[in-house]
Amino acid sequence: ECLVHYYGINVRHLGRIRSHLKKPEFRDFMLLQITARVMKNILREDMREIMKNSLGSPTDMPLRDLVLDTYSKIYSHCNHTANIENTDDYWNEIYVKTEQQ
């Protein structure tokens, strides 16, 4: 990502860059970067919402719970007891937001 910024490429154009790549491993790498950025942005958005609703609560437990819940959705294929419906909803949200970027 720093290299992309170094060359003056705005990261919002990563999808456009990916569309011009020919090698599958480069396309996969770029898709991974795009997906990771979307997931990071969704997590930050959810964290802001929690902090806004907690009205300055002195504990960070709600944020920890959010992070753990998010990771359980991401890695649900490793956890057979995970709620598949929530996981599908999460990945659908990731897909929609990735398409928008």
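Predicted model: local features only at pLDDT ≥ 70, side-chain atom pairs only at ≥ 80, totals over all residues.
**Exercise 1. Describe the chain's secondary structure and how much of the chain is buried.**

Step 1. Count the elements: the chain has five helices and zero strands.
Step 2. Turn to burial: of the 101 residues, 21% count as buried.
Step 3. Look at the contacts with a separation of 6 or more: residues 24 or more positions apart account for 39% of them.

**Exercise 2. Compare the span of α3 with the expected value, and list the buried residues of the helix.**

Step 1. Helix α3 covers residues 24–54, a run of 31 residues.
Step 2. From first to last C-alpha the helix reaches 45 Å, close to the 45 Å expected at 1.5 Å a residue.
Step 3. Its buried residues are M30, I34, T35, R37, V38, M39, I42 and L43.
Step 4. Just after the helix comes L55, with a positive phi of about 50 degrees.

**Exercise 3. Determine how α3 and α4 are oriented, and which residues form their contact.**

Step 1. Helix α4 spans residues 61–74, and its axis comes within 10 Å of the axis of α3.
Step 2. The two axes cross at roughly 150 degrees.
Step 3. Angles over 145 degrees count as roughly antiparallel, so α3 and α4 are roughly antiparallel to each other.
Step 4. The crossing of α3 past α4 is right-handed.
Step 5. On the α3 side the contact involves M39, L43, D46, M47, I50 and M51, and on the α4 side P62, L63, L66, V67, T70 and I74.
Step 6. By class, the residues of this contact are ten nonpolar, one polar and one charged.
Step 7. Two α3 residues in the contact, M39 and L43, are also among the buried residues of the helix.

**Exercise 4. Classify T35, D46 and F29 as buried, partly exposed or exposed.**

Step 1. The cut-offs are under 20% relative accessible area for buried and over 50% for exposed, with partly exposed in between.
Step 2. T35, in helix α3, has 16% relative accessibility and therefore counts as buried.
Step 3. D46 also belongs to helix α3; at 29% relative accessibility, D46 counts as partly exposed.
Step 4. F29 is a further residue of helix α3; with a relative accessible area of 48%, F29 is partly exposed.

Key. Residues numbered from 1 in each chain as written. Heavy atoms only, no water. Helix = DSSP H or I, 4+ residues; strand = E, 2+ residues; numbered from the N terminus. Expected span 1.5 Å × (residues − 1). Buried < 20%, exposed > 50% of the residue type's maximum accessible area, 1.4 Å probe, protein only. Axes fitted to C-alpha atoms, helices over the stretch in contact; angles between N-to-C directions. Parallel < 35°, antiparallel > 145°, perpendicular 65-115°, else oblique. Left-handed = near helix turned anticlockwise from the far one by under 90°. Contact = heavy atoms within 4.5 Å. Nonpolar A, V, L, I, M, F, W, Y, C, P; charged D, E, K, R; others polar.
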